[in-house]
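I opened the notebook to go through a single chain.

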Amino acid sequence: MFTTVLGSAMALLDSTVVNVALPHIGLDLGADLPVLQWTVNAYMLTLAGLILLGGALGDRFGRRRVFVIGVVWFALASLACGLAPNAGVLIAARAFQGIGGALLTPGSLALIQSVIHHDDRARAIGLWSGFGGIGAAIGPFLGGWLVDGPGWRWVFFINVPLAAVCVPVALRHVPETRDPRARGRFDILGAVLGAAALALVTYALIAAPQKGASAAVVVPGVAGLALGAAFIVVERRLREPMLPLSIFASRQFSAVNGVTLCVYAAFGGFFFLSVLDLQVVVGYSALAAGTALLPTTTLMLLLSARSGELGKRIGPRIPLTLGPLLCAAGMLLMTRAGVGAVYWRDILPALLVLGLGMVVVVAPLTATVLASVDVARAGLASGVNNAAARAAGLVAVAALPLLAGMGPEAYRSADAFSSTFRRAMPICAGVLVLGALLAWRTVRSDALEQTGAEVGAEPERAGAAVPAEGAEGVARPAGPPCRPECAYHCGVSAPPLDPGERGPSA
């Protein structure tokens, strides 16, 4: 438990502390806004593109081995980030850091699933998710303290001693496990196509404010869309794809992932820009800006388990509709965070409303994703949902400054950034309203009560399918519904990975 919590905490902390350091990184390296966007997106790009492959590597070659490799890789890349002499090296190191994150993030949960006895597994996963939530909650505070103290480079250096403790414990005390059923080739081509498509589209969106509709923007954008189409064709034809498209045969699963895209695109854009706004416009130090955001993650840590229980009682349709609307209201209230803003009057109410909205939506969203597919595919469903959320945040960080008219030097001026920030927040709110409408139209109130889910696996594995009452063309496999085992959520960058329920033989 110690080594899995410590390893996953590295990735969780990194996803929250780096945003706090962005203004200082820009000033120290003489970087413009696109560099800050790439500092965030290079990490999310490789993490989102490879996280499914990382889990498969652990099953085949040994979960402990891949986890340890991921931790060491992440630490070395973090060291390179901290020593980066310029923006180009920093961005490249961040991309390598994301590869390490893709190896260790699913590996930490897989170790718990495979090593700990099934009678203790639910409690162990609860502890893992709870400590992970605490790590995510203190991330902005810790990042601000490091940036204002020894400097922004220590946001990355701190991962090195954590890895130095984590790796020996894992090698000495954690047994090696594999999945004996893991066979066939790895979908390297699919992983490369997916990551390349995201990279090219992201590049086009980030470069557009400077280069306009030039060939340098249009060609990468079109090429990215073409590679995205090629990714779908390859995944459809491969015998053992990284992303089995048959899982989207569940209309409920597809709908909930659509809601996920809307929700986490808005979250990604909000947390990227709000930390900049608090420092550039309001005038907060890095520590004050990180501390200011604590109410959102604290509310999620304290109330997410109760929100999950509420979703079971009333069904997910209302929470998945109301939650995004509350988040949208919080983001609109955040437009009051301008020059001379008072925290308790102008900023705290927005963060409290946003935090309550996140509490309402995240836990039921995770539960609905797991309940929408056959139990045997719950782990895959959670991984797909997590990767989709990260990809949505990636695109949002790239696109939102373009849509808001934010120039490359905007973050250097309080007045310029304030005006574009006020244009960006309604855009985020609009995306959330779209997610709420999608949830209201597509998510069934009985999604967490049914005896299974729509067919997302082969009938012989899923069991006999029977028509669902009141739903046209919907089939449910026999067997109990899958329930999330992660009870605590601080998913500001993505929903928590969840293995779903497994029996004693797992």
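I started with the second largest pocket, and 26 residues line it. I looked up which of them lie nearest its centre and got Leu198, Phe231, Leu243, Ala388 and Ala391. The model is predicted, and I keep that in mind for every entry here.

Next I asked which elements supply the lining. Those giving two or more residues to the second largest pocket are α2 (33-61), α8 (188-211), α9 (215-237), α10 (251-280) and α15 (378-403). I noted a volume of about 730 Å³ for this pocket.

Then I sorted the lining of the second largest pocket by residue type. I counted 19 nonpolar and seven polar residues, and no charged ones.

I moved on to the rings. I searched the whole structure for aromatic pairs and found nine. I wrote down two of them.

The first entry is Phe61 with Phe186. Their ring centres are 5.5 Å apart and their planes stand at 35 degrees, so I logged the pair as tilted. Stacked would need planes under 30 degrees apart, and edge-to-face over 60. I then checked where the two partners sit. Phe61 belongs to helix α2, while Phe186 is in the loop between α7 (159-173) and α8. The pair therefore ties together parts that are 125 residues apart in sequence.

The cut-off for buried is under 20%.

The other entry is Phe270 with Phe271. Here the centres are 5.1 Å apart and the planes are at 85 degrees, so this pair is edge-to-face. I checked accessibility again, and both Phe270 and Phe271 are buried.

I also looked for charges over rings. Phe186 came up again: the charged end of Arg60 sits over its ring, 4.4 Å from the centre. I noted Arg317 as well, which lies over the face of Trp440 at 3.8 Å from the ring centre.

Last, I took the overall figures. I have 17 helices and two strands for the chain. Of its 506 residues, 57% are buried. Residues 24 or more positions apart account for 83% of them.

Note on methods: Residues are numbered from 1 along each chain as its sequence is written. This is a predicted model: local features need pLDDT of at least 70, side-chain atom pairs count only at pLDDT 80 or more; totals for chains, interfaces and linings use all residues. Side-chain values use heavy atoms; hydrogens and water are left out. On a 1 Å grid over the protein atoms alone, a cavity is a set of points where a 1.4 Å probe fits but cannot get out, and a pocket is an open set with protein on both sides within 12 Å along at least five of seven lines; lining residues have an atom within 4 Å of a point. Grid points are joined across faces, edges and corners, and a volume is the space filled by probe spheres set on the points. Helices (H or I, at least four residues) and strands (E, at least two) are DSSP runs, numbered from the N terminus. Ala, Val, Leu, Ile, Met, Phe, Trp, Tyr, Cys and Pro count as nonpolar, Asp, Glu, Lys and Arg as charged, and the others, Gly among them, as polar. Rings of Phe, Tyr and Trp (its six-membered ring) pair if their centres lie within 6.5 Å; planes under 30 degrees apart count as stacked, over 60 as edge-to-face and the rest as tilted. Buried means under 20% relative accessible area, exposed over 50%, partly exposed in between (1.4 Å probe, protein chains only). A charge sits over a ring if NZ of Lys or CZ of Arg is within 6 Å of the ring centre and within 35 degrees of the ring normal. Contact means heavy atoms within 4.5 Å.
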